Amino acid sequence: MNPESVKSFVTYYLQGLTERTRREKSGAKWGIDWVVYNLGLAKFGKPIRLPFIRSGDLGYPQSKSEAEFGIDLAFLSDDNRELTIFVLKDEPLTNGTWTRNDFDRDLRMAIAPDLRAQELSSVESVAIVLVYNKDDQQNGVELFERFVAAAPTKIADHVRLSLTRWNLSDLVELTIQHVLSPSLLPERFFGQLSYVSAQAADFRHGSEAWQTQLVPNWRRLVEDVLAESDGSRGPALIPVALIIVRQHATSGPSFATGWIELLEWSAVALWRLYIKSSDEIVAVGVRRFWSDFYLAELEHFYRTHIGDLATEHSIDTLPLGSLVGTVASAYVAHWHIARLGLLSVDLEDRRNVSPRGPDERAEKLREVANWMAMLVNANVSVFRPLLDIQHIEWFLLASTFRNAGRLEDLAHVIGGLVSRLYPRRLGRSSLPFIDGANSLTNVFEQVALKPDPPVVLCQSSFFILMLLELCCMLPNDLRDPLVALIHRRLVLGAFDVGDPGVERPLDLMSWLPPADWSKEVLEDQIVEGQCVAVGAFANKREATAKEILEGMHRLVTCMRAVQPEFEHLHAVPMAACILSSLLHGTPLPPELWRQWAFPIHSADTEMKD
Amino acid sequence: MTPEVFAARYPHLAAVLMAMKTATSANFPPDEGSRAGLGKELVDLNQSTESLHNVLEGLFGQPFRPNEDFVHFSLRAYDFLGVSNDVCVFMGRLWAEAISACDVSQRGAFLMKLIEERETLFGALDFAVELFGRVKFTANEVFPWIEKAHHSVGKDLFQRGFWGCLEAYCTKSTEEAITFVGRWLDTNPQGPSLGVATNMIAWLRLAVVSDHSLSPRFAAIEERVRGGGHSAWRALYIQSRAYGVPHLVIGEQEALQLRDEYVRHGSEEEVAWCFLLNSVLHVKPHEEWARREARRISRPQLPEPAKYWVAVATLDGLASCSDHVSDHADEYLAIFSQLLPIGAESTGIWEHVYGTLKSLLDTRTEMARTLMKTLAAHSGETWLKIARDRQFASLFHLLRQKNLHRFVAEDLCFHQNVTARHLGLVIFSDCNVEGISTEALNAATDTQIELLFLEALRRLMDFGALARLQSCIATRIDSIGGDLATLFHEECALQCLNTYKYRSELATCARNHEYLPDIVADATERLANTAAASKSPALQMEVPGMARAQRMHDSKFVREVAKSVKEHSVFLSSFPTVTILYGGNEFRTFVGDRLMEGPSKMHRSSAEVEVPRLEFVDPETMHLRRVAASNRIAQLQGRDITESGRES
């Protein structure tokens, strides 16, 4: 993550804060007082005056009702010689606010502190710092400069007095420099974020501890932050929290991908907030996070690491010595396919919130497709889907090639996949075939122990039906042989020549998602919707592509009759919904690819020749 | 006390006999001189005809009766006198002397006492051979004895003494033996009990030659067996015709009559017939018809015991052939090949095959090579199985010792038969063949070269051997060019990525080749790039559930390896396994009532095997390449037949 991005998101967070942290009925207000308090601790010694009582109810500081005499916070240096006084404002410094918002009044009171207290007897200098987390105007600055010029330089003849101001940029810089840690967040979240940061540094991404402890803890933290914030503060705090976690865990060898996963859970939570909130400022914050944080980070990640990923067998070679490693490398390969695919889908999405022009977007699409092709060419694990749910990754792969106009490459890749799945379909491989009922745990157990009877199934698949349907967006000369091949080899499990064999035909499965899929998919794994048992499109090995295509068209027509129009909540990017599907293990609506393979205007009338 | 005269003539023997009488534990003369003296005295005594009655009376008092003490005394003979035929003869003489002191009622009881104890049974049977050769017994006397003795040793591998007793009984008490066989048949013997009748009939046939008066009674027994309506009895009869001195061997006419009358496919008579052929095959002048009959009956479906006898006969024939009668060798080989394939479970036949091969490797290597080619072509699958199970591994050692491994490998590697080629690769690999000779390479057709390359491609073999093989055929393949050369170079590159062993061996063997060194260098560089890239932060994630699965896999792997080691280790299978709970560095053993002194150090043994990398990195590609190679082989085999026809 580059420093400019960090600065940008810290700025975004700080400028959204109020002057004081307090809990209100409408939600918690997070103030710069907490930030300055932590800065003071880091730079200026011990606090002698605070605007709140620490450790108040529910993790929020309790505001003091006493008169403050213009002084919000004061810190005494460790040698008791320097006193630093902060005057906080959450307004811009302008000509209008100088008096209206009491800049002038508070500063006048602040320059005359009471130094009679015993602990201040050694003070030799007093520094007054005006802190405001908004922008300023020249007139406001001029007023401040004049005030400084007119102010006394000493207090009681022996104590030096100085005045200075921190505008938003200064505050951001100092924050990044000194308090980019869990203490930057409101006290309420300090413990949670510290815990998550420590776990992120300790746990290996993907390990059991990561899955069962860190991810739930992070999701809880994000939920809590979003639930307790109002306006843009929640969406603004999440990236800062992520930056803090990253700062703690960046030395972990597996955190590069772990960071992406934390971003993804955050993105899904933010889109969920987006749907629920009517506040435009929230929408802006969510969209900003999605495009400028998550997608930017994803793109940066692949720009940095594509050289490694495109090195021959770099993913395939991960763990050696058993088929457990073979399965694991396939999982990792599909993880990367999915993320590259999301980049492409988002670029192609017309509702994309990023302000890229058509040419730039096309160029980007080609670049992402190149990355995908490089990864596919270098790693055979790509051709080893193990679970039916990995149809999501393969849809994203197909989308990436399609979006870049590389349909021939797509046909070639699907052909390669069919060849490699074929021995598995026939049971001639130690790796199991795809089945909707198999889980990663089952597959691992199967290859590790080879139990008899096997713990995996080879009976039904949504993936294979999707593969057949994906072929339908290819030109006819590429489509027909592939459709016949997939049906013969993978659906029927028949030998190409001679005796057709005794394999039971695969039960092809499809799915009618619930009407509010776009919304539901952001919540959790979807259990609603209707399963459609399709079976095989023909029972003989010699079935032609035409026969199979007719069957597929009939299926699509019938399913569209039941669910006439697939509704997508347009405001949420499709890539975000697919990302949520990936994270929650929810199948994709077939219409996502059918819109290309069986366009509405022609599917109901007649199939392509 | 032994008589003084006896003790004077045979001092060592007299001393030992006294010790046998009195001592509680065995005291076989420990020094070489005493053992030599004792042996000489036994030989001298057995050559004399003097009575041993005085010796018995001297040892056991007068009047001598063969009581319990005497039986106990005599059954300790092996312990005190050592194990030799002379001891058996001496003890048999003592028993014959003893039994002469018995009345009729005591003889049977004495005989039974001799075989009462299981521990001394085999010694008793050894000694009794001489007894039955010296004393006539009635059928009534010996029937229960033979029944009990047969029951005791019938399932044992060592039956020499028992059969020796029966043979001696048939020779000495021929008439009573005929009666005995009749009674034995009355009991309707089954299984191994039939062997008693078989053998006795065979020995009686020899005995009646010298006593024609018994011929009618013997003929009646023969007739009863042949016409009894039992397949097993007819087989018994045929088998009994296998024994005999050369001039009594069954003649061709009689044999063919037997065959026509009794032998049917798959019957017990067929097994007996093969047994008969085996015994006759090497007896002149009968060998001609016996060979002819063996050829006639040989077929792959021959029942297992029958196949065994024909295989033994032909392999022995092959082993006995000298070069100048090699036409018979061809005939034997032809008969043997008709029997193939031999099942992997036919251990007896395989033992004989390996024995013959070893013998031929010493004397006639060409014939050994021919036999191996025949075996590989017709029984390759089972031979492969046996080779994989590491049975008879000594043959491969012998091949290497005799420096014939390369020739045999070449014979088989360029063989037309698929399994023969596979076996060739196994021999190439297991015998560490350095390479294929230029002559063999030049003599091979392009198709043979391609077939060999494809066969190696689709088999899992030692990777060092694969590198040696491929480096040998590289130049030929380059000259063939086209798709084959492309595939070959691809395969070399792939295998370079697969194992270090292949890479290093190829770098050594093919250092002068035009392309292969570059392929090795390129692969090394690619592997280095992969290793560097796989350290990328983008690839350090752990897959959920992988750690648990790897633990399960490793535990299973360790269990299977331990089980396999125990199965294949004579040492480990002989001793109980003790699981050590505490103290893993040293051990002591508790024996009786004390700890063995001084702790023993634990020893660790381990073995390393290089895992072929691509079998896990890219199992699908490896599988598909093998399938493609198999398809191409099938295509070439079809074409090969046509080509062979045209070339011939």
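This tour of a predicted model visits a three-stranded sheet in chain A, the helices that lie against it, and one loop residue.

**The sheet.** Select strands β11, β12 and β13 of chain A. They form an open sheet in the order β11-β12-β13, with mixed pairing. The edges are held by β11 (460-461) and β13 (530-533) of chain A; each has a single partner strand, so one side of each lacks a neighbour in the sheet.

**From β11 to β12.** Next, display Ser460(A) and Asp507(A), which are bridge partners. Here β11(A) and β12(A) run in the parallel sense, paired over two bridges.

**From β12 to β13.** Select residues 507-512, strand β12 of chain A, together with β13(A): this pairing is antiparallel and spans four bridges. Along it, Leu512(A) has Gln530(A) as its bridge partner, and Ser510(A) stands opposite Val532(A).

**The helices on the sheet.** Then select helix α17 (residues 463-471) of chain A, lying across β11 and β12 of chain A at about 80° to β12(A). β12(A) itself is mostly covered, with five of its six residues buried.

**The loop residue.** Finally, centre on Ser381(A), in the loop between α13 (358-378) and α14 (391-403) of chain A. Is Ser381(A) buried or exposed? Ser381(A) counts as buried because its relative accessibility is 0%, and buried means under 20%. Beyond neighbours within four places in sequence, Ser381(A) contacts Ile315(A), Asp316(A), Ser329(A), Ala330(A), Ala333(A) and His334(A).

Notes. Residues are numbered from 1 along each chain as its sequence is written. Chains are lettered from A and ligands numbered from 1 in the order in which they are written. This is a predicted model: local features need pLDDT of at least 70, side-chain atom pairs count only at pLDDT 80 or more; totals for chains, interfaces and linings use all residues. Side-chain values use heavy atoms; hydrogens and water are left out. Buried means under 20% relative accessible area, exposed over 50%, partly exposed in between (1.4 Å probe, protein chains only). Contact means heavy atoms within 4.5 Å. Two strands pair if DSSP finds at least two bridges between them. Axes are lines fitted to C-alpha atoms, for helices over the stretch in contact, and angles run from 0 to 180 degrees between N-to-C directions.
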